[in-house]
Amino acid sequence: MRISFTGPQCSGKSTLLALCKEYYGDRFRYIEEITRPIARKGFKINEQGDDETQLQILKAHELNSELNDVIMDRCIIDGALYTAYLFKRNKVTGEVLGKAIKRYYQLIGKLDVIFFTEPVKMVDDGVRSTGDEFRQSMIEAFNRQRVGLESGFCKEFNGKVVYLKGSVENRFEDIKIAIEEYEHVR
């Protein structure tokens, strides 16, 4: 089973992943970070990302897609949407955008449950971007992606989409219900 959170920065993904880790224990593997380890290697992230950054991120998503019984902080949706944002601002080339789109269609079908997270109040942690234009653009992109997947636009994806909103407690209850429902269907 491959489960992933997805959504713009500061939408509760890490908090919810920590709760999953505590609740499910060793039932799953947990991928807590993708972008921050890349940033620690000296790559520019967020609005400053470039071809090299995005290629590293896409590679991480590809490796993660091979894991079983995993819950991930982010997935290929994030990689593709952030690459598209950077392409529109001439930060990445069309070649890298093409690779991101190709990887999206190769990897999206490997996901069983995708939890889209509603944004919460922005907290500056010194790593995530606090730029209003960047955040708003990403919120809109994730909303379009969620609606598209819910409507079945992507034939490669046959999993379950769940939109998490409300309190942390409510979100976590929705997570437990969705995982249990998916496991009974399999």
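The legends below describe close-up views of one predicted model.

Residues are numbered from 1 along each chain as its sequence is written. In this predicted model, local features need pLDDT of at least 70 and side-chain atom pairs count only at pLDDT 80 or more, while totals for chains, interfaces and linings use all residues; side-chain values use heavy atoms, with hydrogens and water left out.

**View 1**
Helices (H or I, at least four residues) and strands (E, at least two) are DSSP runs, numbered from the N terminus. Along the sequence the pattern reads β-α-β-α-α-β-α-α-β-α-β-α. The C-alpha trace spans about 45 × 35 × 30 Å along its principal axes. The radius of gyration is 16 Å, which agrees with the value near 16 Å for a compact globule with 186 residues; the radius is taken over C-alpha atoms, and the globule rule is 2.2 Å times the number of residues to the power 0.38. Of the 186 residues, 47% are buried, where buried means under 20% relative accessible area, exposed over 50% and partly exposed in between (1.4 Å probe, protein chains only). Among contacts (heavy atoms within 4.5 Å) with a separation of 6 or more, 78% are between residues 24 or more positions apart.

**View 2. An open sheet is formed by 5 strands in the order 2-3-1-4-5.**
The pairing is parallel, and two strands count as paired if DSSP finds at least two bridges between them. Strand 2 (29-31) and strand 5 (160-164) are the edge strands, each pairing on one side only. On average, neighbouring strands of this sheet are turned by 15 degrees against each other, direction ignored. Helix 7 (residues 168-185) packs on the sheet and touches strand 1, strand 4 and strand 5. The direction of helix 7 makes about 170 degrees with that of strand 5; axes are lines fitted to C-alpha atoms, for helices over the stretch in contact, and angles run from 0 to 180 degrees between N-to-C directions.

**View 3. Strand 4 pairs with strand 1 and with strand 5.**
Strand 1 (residues 2-6) and strand 4 (residues 113-117) run parallel and are joined by 4 bridges. Within this pair, Ile3 stands opposite Val113, and Thr6 has Phe116 as its bridge partner. Strand 4 and strand 5 also pair in the parallel sense, over 5 bridges; here the bridge partner of Val113 is Lys160. In a regular strand the side chains alternate between the two faces of the sheet. Both faces of strand 4 are covered, with Val113, Phe115 and Thr117 buried on one side and Ile114 and Phe116 buried on the other. In total, 5 of the 5 residues of strand 4 are buried.

**View 4. Helix 4 (residues 76-88) is mostly covered.**
Of its 13 residues, 10 are buried, including Ile76, Ile77, Leu81, Tyr85 and Leu86. The cover over the buried residues of helix 4 includes strand 1, helix 3 (51-64), helix 5 (94-107), strand 4 and helix 6 (132-150). The end C-alpha atoms of helix 4 are 18 Å apart, in agreement with the 18 Å that its 13 residues should span at 1.5 Å a residue; the expected span is 1.5 Å times one less than the number of residues. Just after helix 4, Asn90 takes a positive phi of about 60 degrees.

**View 5. Asp78 lies in helix 4, and Gln9 lies in the loop between strand 1 and helix 1 (13-24).**
Asp78 counts as buried because its relative accessibility is 2%. Apart from residues up to four places away in sequence, Asp78 touches Phe5, Thr6, Gly7 and Phe142. Gln9 also counts as buried, at 5% relative accessibility. The side chains of Gln9 and Tyr82 are joined by a polar contact of 3.4 Å. A polar contact is a pair of N or O atoms within 3.5 Å; within protein, one must be able to donate a hydrogen and the other to accept it, and residues adjacent in sequence count only if both atoms are side-chain atoms.

**View 6. Ile179 is placed in helix 7.**
Its relative accessibility is 1%, so Ile179 counts as buried. Leaving aside neighbours within four places in sequence, Ile179 is in contact with Met1, Ile3, Tyr24, Arg27, Phe28 and Phe115. Ile179 and Lys160 are 19 residues apart in sequence and 9.4 Å apart in space, C-alpha to C-alpha.
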